[in-house]
Amino acid sequence: MTVMRDQVVKNLVEIEVASNDDGLIPAFNVLVNQLPSSFWNTVAEKMMAIAPPERKAEMEAALVNCAYECGYHTGYGIITSPEFDSVVSPMVTEGAKDVLRGAYAVFTAWGWAKSGIVQIKEGDRMVVRAVDYYEADSGGDGKRAFMIRGVSAAFMELAYADAYPNGMNTFTSDQTKGIEVGDQFGEFVVSKK
């Protein structure tokens, strides 16, 4: 049996997760907060808008890196959590590939993007496709899925790089398609540096 994405998503959305008095959601070994997706898009677009033309690529890399670092540490918390262990781990038969499939199921269940792996060469390359990701509505110019791009590299690191917290900067992720530029889906290619 391999991780059955739809079943994992269904099981995860049924888990009762509520915020505490500080507005934080203590679950999945991490503290998450609930902010509207427009918050991230607004911050990212304002940062891109104020960057001088010669520094736009640098700003884009910084936004991807923010998502990457968050995805690496948050992703580790998620895949080592009791919730992940109870919902995903019983389906893991293909090791790291199934852990990655489970991580994208969490990504989907939390409403960040309906996403999944369409191709993987273990330890070397992965292709992820996403629809209904909130950055698709960013309103900026060009491909803007900084968050999915960064998190995809982070997830691959957690699966195939050195053990946490020493596995950073092994993989990179590029966005090859985007709903925000008229494609039917966002596509992200993760490869070894």
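# A chat about the fold

Reader: What is the protein built from, how many helices and strands?
Author: This is a predicted model. The protein has six helices and six strands.

Reader: What pattern do they follow along the sequence?
Author: The pattern reads α-β-β-α-α-α-α-β-β-α-β-β.

Reader: Which strands form the open sheet, and in what order?
Author: Four strands form it, in the order 3-4-6-5. The pairing is antiparallel.

Reader: Which strands stand at the edges?
Author: Strand 3 (114-121) and strand 5. Each has a single partner strand, so one side of each is left without a neighbour in the sheet. From one strand to the next, the twist averages 20 degrees.

Reader: How many bridges join strand 5 and strand 6?
Author: Six bridges, in the antiparallel sense. Thr172 stands opposite Ser191 in strand 6.

Reader: What does helix 5 touch on the sheet?
Author: Helix 5 (residues 96-109) touches strand 3 and strand 4 (125-131). Its direction makes about 165 degrees with that of strand 3.

Reader: And helix 6, which strands does it lie across?
Author: Helix 6 lies across strand 3, strand 4, strand 5 and strand 6. It runs at about 140 degrees to strand 5.

Reader: Let's pick a residue. Where is Arg149 found?
Author: Arg149 is in helix 6 (residues 146-160).

Reader: What is Arg149 in contact with?
Author: Leaving aside neighbours within four places in sequence, its contacts are Glu60, Val64, Ser173, Asp174, Gln175 and Phe188.

Reader: New one. Is Glu45 buried or exposed?
Author: Buried, at 15% relative accessibility. Glu45 sits in helix 2 (residues 37-50). Beyond neighbours within four places in sequence, Glu45 is in contact with Ser138, Gly140 and Arg144.

Reader: Where is Ile179?
Author: Ile179 is in the loop between strand 5 (171-177) and strand 6 (186-192). At 28% relative accessibility, Ile179 counts as partly exposed.

Reader: What does Ile179 contact?
Author: Past its neighbours within four places in sequence, its contacts include Ala130, Tyr133, Ala136 and Phe185. Tyr133 is 46 residues apart from Ile179 along the chain, and their C-alpha atoms are separated by 8.7 Å.

Reader: Back to the whole protein. How many of its contacts join residues at least 24 apart?
Author: 60%, among contacts between residues at least 6 apart in sequence.

Reader: What part of the 193 residues is buried?
Author: Buried residues make up 43%. The accessible surface comes to about 9,900 Å², and 51% of that belongs to carbon and sulfur atoms.

How values were computed
Residues numbered from 1 in each chain as written. Predicted model: local features only at pLDDT ≥ 70, side-chain atom pairs only at ≥ 80, totals over all residues. Heavy atoms only, no water. Helix = DSSP H or I, 4+ residues; strand = E, 2+ residues; numbered from the N terminus. Buried < 20%, exposed > 50% of the residue type's maximum accessible area, 1.4 Å probe, protein only. Contact = heavy atoms within 4.5 Å. Areas by Shrake-Rupley, 256 points an atom, 1.4 Å probe, with all protein chains shown as cover. Pairing = 2+ DSSP bridges. Axes fitted to C-alpha atoms, helices over the stretch in contact; angles between N-to-C directions.
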